[in-house]
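Please look over the structure shown here and read the short briefing that follows, which is grouped by topic.

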Number of protein chains: 2
Amino acid sequence: MQVNVNWRQSVALVGTVLKYFAVTLAVPLFVALVYRDDILVFLVSIAATAALGLALERVDGDAELGLEEALLFVTLAWVGVSAVGTIPYLLAGVGTQSTVGLALDSPTALLHSLVNALFESTSGFTTTGATVLGEISFERHSHALLMYRQLTQWLGGMGIIVLMVAILPELAVNGAQLIDAEAPGPELQKLTPKISETARILWLVYAGFTVVCIGLLYSLHWLGLAPEMNLYNAVAHGFTTLPTGGFSPQAESIAAFTPAVQWLVIPFIVVAGTNFALFYFVLRGQYVEVFRNREFQGYIGAIVGIAVLLWGLLFTGAAPPLELGGVTLGVPENSLRQALFQTVTLLNSTGFATSDFAQWSEWAQVLLLGVMFIGGSAGSTGGGIKVIRWLVVLKAARRQLSTTVYPDVVEPVRLGGRVIDEDVVRSVFAFTFLYLFIFGVSAVGIALDASRVGLDLTTLEALSASIATIGNIGPGFGLLGPFGSYLAFPATTKLHMILLMWLGRLEVIPVLVLFTRSFWEW
Amino acid sequence: MQVNVNWRQSVALVGTVLKYFAVTLAVPLFVALVYRDDILVFLVSIAATAALGLALERVDGDAELGLEEALLFVTLAWVGVSAVGTIPYLLAGVGTQSTVGLALDSPTALLHSLVNALFESTSGFTTTGATVLGEISFERHSHALLMYRQLTQWLGGMGIIVLMVAILPELAVNGAQLIDAEAPGPELQKLTPKISETARILWLVYAGFTVVCIGLLYSLHWLGLAPEMNLYNAVAHGFTTLPTGGFSPQAESIAAFTPAVQWLVIPFIVVAGTNFALFYFVLRGQYVEVFRNREFQGYIGAIVGIAVLLWGLLFTGAAPPLELGGVTLGVPENSLRQALFQTVTLLNSTGFATSDFAQWSEWAQVLLLGVMFIGGSAGSTGGGIKVIRWLVVLKAARRQLSTTVYPDVVEPVRLGGRVIDEDVVRSVFAFTFLYLFIFGVSAVGIALDASRVGLDLTTLEALSASIATIGNIGPGFGLLGPFGSYLAFPATTKLHMILLMWLGRLEVIPVLVLFTRSFWEW
Ligand SMILES: [K+]
Ligand SMILES: [K+]
């Protein structure tokens with residue numbers, strides 16, 4: 001076999017990514033200096049990350065980045081950042097009870113600590129939000145480390161590659177392919193002729209909303225409406241709301257805060273799952289683009305429909321037993337808030353929690369499981385199958401009905417007046433199918449592997465573990481519920497889930513391609 | 001709206017179907033005469049069915065049957081036969097404790113008895129095998145009625161329409177379309193230039209295997225290897241093995257018989273899920289057609305792979321608790337038999353039971369749930385998504401990976417050297433997606449509706465209820481397990497499931513088409 005992929009070029013670029021990643025670690029270092037804890041951890045992490053990045057940059061190839069090199073680079077960048085991102089967890093936890101700290105007592109302990117750290121790091125960058133931290137508290141972990149954990153989600157949210165395209169001029173040529181491989185949806189919407197400018201706009205909108213979110217959260221504190229929402233918490237939750245991340249330095253997640261905070265977070269979660277290009281159109285006064293956007297209509301329609309259904313059931317008590325999981329029967333505000341929050345947080349893959357829905361009735365949980373398959377919009381930070389794909393496959397399936405009656409009439413699939421190319425229809429079908437297939441096989445695999453070590457999952461737990469990781473959602477049901485953890489899973493299952501998180505974040509195909517022979521040969 | 005579908009012609013043909021159906025009722029009448037029970041029931045049923053058939057035949061239209069009329073006819077024929085097929089259940093149960101007997105005590109009782117009878121009848125003809133008979137015993141039901149129940153599955157197995165095409169010369173013109181609408185797979189394999197001859201061959205192979213199965217079952221009895229397998233039981237189980245039906249006049253299903261019977265039934269279940277065209281090739285000595293058939297390879301491969309996995313786990317006790325559900329730990333024959341039987345019976349949608357797998361560990365049940373999505377082969381009597389479709393979608397999904405690396409190379413999807421037409425790929429994707437979508441929405445709907453009446457299903461029960469009905473399988477897990485029943489579901493859920501059984505048997509699209517406006521207008 002002759003390898004025709006110029007992998008050196010891809011590896012060198014990963015070095016550049018790591019170099020910039022080292023710079024962003026200034027944020028947790030600053031927190032460490034403020035709270036006087038883990039300062040050395042972050043100094044060493046910055047040094048190690050920067051050194052590794054600079055070393056890799058020296059592995060040099062040609063200047064031109066072909067399609068194969070672009071695909072390889074994107075996957076390597078995500079794997080590389082996740083791997084190097086374990087350093088702060090490993091160092092900070094040395095000699096403590098931390099489940100993600102480097103343990104050198106035995107080879108088994110070492111293996112578990114490495115797998116746990118990689119799980120937490122991958123869960124962060126992929127904006128999944130599944131955790132293996134045994135105990136989330138400032139007694140166990142420093143303010144700096146927990147802020148670093150929040151930061152990983154913010155960096156992963158709009159896409160590491162999108163950020164690189166925005167700032168590195170040498171990536172401009174293949175920028176569109178790179179961003180497609182990192183994939184915020186089936187097709188990139190070019191806002192400007194220059195792809196680097198589009199990338200810059202997306203990141204600016206993203207950063208802008210983050211600043212507004214942090215500002216408003218802190219305003220609530222300042223107005224006396226949210227005593228717990230100090231500056232640290234405002235920044236921490238701003239960092240994980242816009243990327244549909246869901247990590248929180250509070251064990252209680254958003255349930256730790258007042259209803260005012262919960263209400264404020266809801267619209268920002270909705271924004272995080274909206275196509276960011278739409279905000280650009282709003283800024284330019286092209287409102288009609290927003291209201292004519294079929295995906296936006298579908299996204300909002302799904303949220304409203306499901307939330308209203310759930311509200312009715314929470315309010316009447318059909319879904320939860322009385323006073324369970326934070327729901328108070330017959331209180332309109334409480335049940336509306338819980339219904340809406342759980343709908344948006346699971347639908348677009350955020351995963352924040354305000355209610356222990358594991359205590360709701362089984363069928364309400366089956367409904368929420370269904371919601372987890374929807375996903376955010378194209379061009380948003382939301383994961384999952386995504387609304388646009390559902391619209392395309394539903395339209396294409398409907399077209400099949402017409403074809404059955406009129407076999408000779410060739411009818412294109414249309415969306416909002418636009419004809420969808422047959423290649424796109426085909427690739428959307430292939431993606432959706434592969435995604436559901438990997439989900440199904442993984443659910444069985446997770447159940448099997450857990451049972452091997454005596455952990456007997458319920459069907460709901462097994463299914464939700466699979467969709468919550470490949471869908472980059474985070475919480476599932478039962479053991480891995482909104483206030484639960486993935487710590488109890490065996491290391492093999494955790495590695496399986498790490499792969500699922502990468503597959504989900506990069507939208508399956510760019511990762512799978514690397515495992516085909518035709519990728520490496522000519 | 002102007003109706004342009006010549007529905008009169010379709011209705012008249014349904015009359016012809018009912019006329020022939022009345023003739024087949026001679027079988028249970030004969031049983032009634034032998035056992036001197038329910039003779040009047042079947043005399044009246046025959047008279048009523050024949051009268052209805054003759055009356056409908058007089059609703060006449062034009063002679064030509066267009067595509068729309070063909071589609072309408074197929075669905076109407078299945079709905080009609082299922083509806084008229086309730087007559088024996090309703091009449092035989094008058095004044096008894098039967099759950100499917102006509103009850104006139106109150107409007108509610110009447111409604112429930114009608115829904116139950118329609119459920120049992122539909123479950124029979126569609127070869128689903130889900131039951132709402134409260135108690136399956138000869139004390140509660142006559143030998144004739146329970147044999148009638150078996151007969152409905154045999155009639156439905158190879159397809160009522162295929163049978164009609166085989167025997168009615170006037171259906172020859174549109175025979176291929178009719179059979180496609182009844183759909184034993186994505187594409188009908190024409191064995192002979194004349195479609196009526198192909199239909200005749202399929203039915204002859206089907207009838208031949210049924211006779212052989214009955215003969216061998218009774219031989220076991222005659223050899224003293226199966227004391228319970230008398231002639232009645234041999235015929236009854238022959239009637240429901242080849243159509244992948246799964247009904248049994250024994251409450252214990254196949255578990256009521258010796259291991260010898262269980263071993264004998266396994267190959268016949270495998271045959272029932274095989275493309276019947278392959279047996280025609282074997283008869284003509286074209287063995288190479290069989291061994292080169294990719295679907296056959298996939299079908300056998302899936303059975304062997306899953307059965308071996310399950311065997312290992314049953315044998316070591318990883319799956320079931322000791323001595324539960326008919327499995328004895330550490331006995332190779334017992335665990336192999338149970339693993340193989342459960343695999344084939346659920347994989348190709350038969351639904352016979354030899355073990356209460358509801359008592360196996362949760363993950364083993366999740367594995368079996370996965371098996372239920374596979375289905376039989378094209379041109380077999382098996383239901384579900386079917387092996388050929390899985391092969392096409394997997395190949396097409398794999399093609400997508402190549403397309404990602406080489407966007408300019410247009411590569412066709414191949415199966416066993418043959419190029420699959422893009423239209424077929426598209427329709428297979430549309431079917432698979434619609435099927436999974438209806439399955440998912442129905443699982444939530446079933447859970448919701450059951451919870452409305454205080455029946456709280458587990459996730460596994462809800463998911464299995466949906467796949468077991470749309471997949472025409474029959475048993476699921478828990479409440480509706482292999483020795484359970486669908487009786488406890490509310491009438492609305494039963495009607496939902498009746499629709500799912502029709503959708504599954506006719507492979508979704510021909511039924512859904514009738515609900516589109518373009519079908520009825522021009
Ligand atoms: K996410
Ligand atoms: K079946």
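In sequence, the donor residues of the potassium ion (ligand 2) follow the spacing T-x116-T-x104-S-x122-N, where donors are N, O and S atoms within 2.8 Å of the metal (3.2 Å for Na, K and Ca), and sites may look incomplete since water is not among the atoms. This is a predicted model, in which local features need pLDDT of at least 70 and side-chain atom pairs count only at pLDDT 80 or more, while totals for chains, interfaces and linings use all residues. Residues are numbered from 1 along each chain as its sequence is written, chains are lettered from A and ligands numbered from 1 in the order in which they are written, and side-chain values use heavy atoms, with hydrogens and water left out.

**The potassium site**

- The protein donors, lying 2.7 to 2.9 Å from the potassium ion (ligand 2), are the O and OG1 atoms of Thr127(B), the O and OG1 atoms of Thr244(B), the O and OG atoms of Ser349(B), and the O atom of Asn472(B).
- Thr244(B), in the loop between α11 (231-241) and α12 (259-272) of chain B, and Ser349(B), in the loop between α16 (332-347) and α17 (362-371) of chain B, are 105 residues apart, and the pair links distant parts of the chain; helices here are DSSP runs (H or I, at least four residues), numbered from the N terminus.
- Thr244(B) is buried, with a relative accessible area of 0%, and Ser349(B) also counts as buried at 1%, where buried means under 20% relative accessible area (1.4 Å probe, protein chains only).

**The largest pocket**

- The lining of the largest pocket consists of 48 residues, and those nearest its centre are Phe373(A), Leu436(A), Phe439(A), Leu436(B) and Phe439(B); a pocket is an open set of points on a 1 Å grid over the protein atoms alone, where a 1.4 Å probe fits, with protein on both sides within 12 Å along at least five of seven lines, and lining residues have an atom within 4 Å of a point.
- α19(A) gives the most to this lining, with 9 residues.

- Thr516(A), in the loop between α22 (509-513) and α23 (517-520) of chain A, is buried at a relative accessible area of 6%.
- Apart from neighbours within four places in sequence, Thr516(A) is in contact (heavy atoms within 4.5 Å) with Arg398(B) and Leu401(B).

Notes
Helices (H or I, at least four residues) and strands (E, at least two) are DSSP runs, numbered from the N terminus. Buried means under 20% relative accessible area, exposed over 50%, partly exposed in between (1.4 Å probe, protein chains only).
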